[in-house]
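Please have a look at the sequence and the model before I go on.

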Amino acid sequence: MTPPSSPSSSSLLLSPSSPSSSAAFFVICILHSLIALTSGFLMMFRINEIYSLTHGSETAAKMVASNPHDQLLIETSDSFAGLLLFAIGFLIFMVSFVRDKAFQLFFAKGCTVLHIFMAMWRVYFERRVEDLSWDLLRKTVGDFLLALSWVFFLVYSWREKYD
């Protein structure tokens with residue numbers, strides 16, 4: 001008598017062409033992962049250049065504190081934020097190989113809500129910081145575009161399900 005087969009962890013992983021998974025989910029996860037990994041790396045190791053590039057050199061000089069203690073606190077905070085973003089990118093990379101359709105839909109809905117909340121946070125709180133408010137529109141549009149990529153996946157999945 002053979003024991004009933006149970007799904008192993010390897011059966012939940014996929015190659016992107018697996019029939020029970022969506023290639024769109026894989027591609028979106030890889031793109032989001034690359035964005036998060038790159039941003040996290042730059043935040044950890046090239047924060048001064050990023051400040052100058054995104055905010056301009058005058059605002060970047062304001063963002064770097066006047067005394068060494070405050071500067072160390074800001075650099076440490078930015079490094080930890082970059083490390084968190086790098087870890088999120090690595091996690092999204094790992095999630096891209098999951099082939100469970102229910103999980104993919106749940107993950108896409110969660111990411112959509114997360115990006116929308118991030119855009120709302122920017123509108124309600126970041127606009128109050130004078131030095132950061134000038135590029136609020138660019139960042140908010142970026143958040144909505146990232147959310148839109150997950151919405152496209154959800155619509156694509158819905159279309160596959162009902163066609």
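Helices α2 and α7 are roughly antiparallel to each other, the word being used for angles over 145 degrees, since their axes cross at roughly 170° and come within 10 Å. Those axes are lines fitted to C-alpha atoms, for helices over the stretch in contact, with angles running from 0 to 180 degrees between N-to-C directions. On the α2 side (residues 23-45) the contact is made by A24, F25, I28, C29, H32 and I35, and on the α7 side by L146, S149, W150, F153 and Y156, where contact means heavy atoms within 4.5 Å.

A word on the source: this is a predicted model, in which local features need pLDDT of at least 70 and side-chain atom pairs count only at pLDDT 80 or more, while totals for chains, interfaces and linings use all residues. Residues are numbered from 1 along each chain as its sequence is written, and side-chain values use heavy atoms, with hydrogens and water left out.

The chain has 7 helices and 0 strands, both taken as DSSP runs numbered from the N terminus, with helices being H or I of at least four residues and strands E of at least two.

Staying with α2, M44 also lies in this helix, and M44 touches S79, G82, L83 and F86, leaving aside residues up to four places away in sequence. The C-alpha atoms of M44 and G82 are separated by 5.0 Å, although the two residues are 38 apart along the chain.

Which side chains meet in a salt bridge? Those of D143 and R122 do, at 2.6 Å from N to O, a salt bridge being a side-chain nitrogen of Lys or Arg within 4 Å of a carboxyl oxygen of Asp or Glu. The pair links distant parts of the chain, with D143 in α7 and R122 in α6, 21 residues apart. D143 counts as buried because its relative accessibility is 7%, and R122 counts as buried at 14%; buried means under 20% relative accessible area, exposed over 50%, and partly exposed in between, with a 1.4 Å probe and protein chains only.

W121 also lies in helix α6, and W121 counts as partly exposed because its relative accessibility is 41%.

Finally, for the chain as a whole, buried residues make up 28% of the 163 residues, and among contacts between residues at least 6 apart in sequence, 77% join residues at least 24 apart.

Definitions and conventions:
Parallel < 35°, antiparallel > 145°, perpendicular 65-115°, else oblique.
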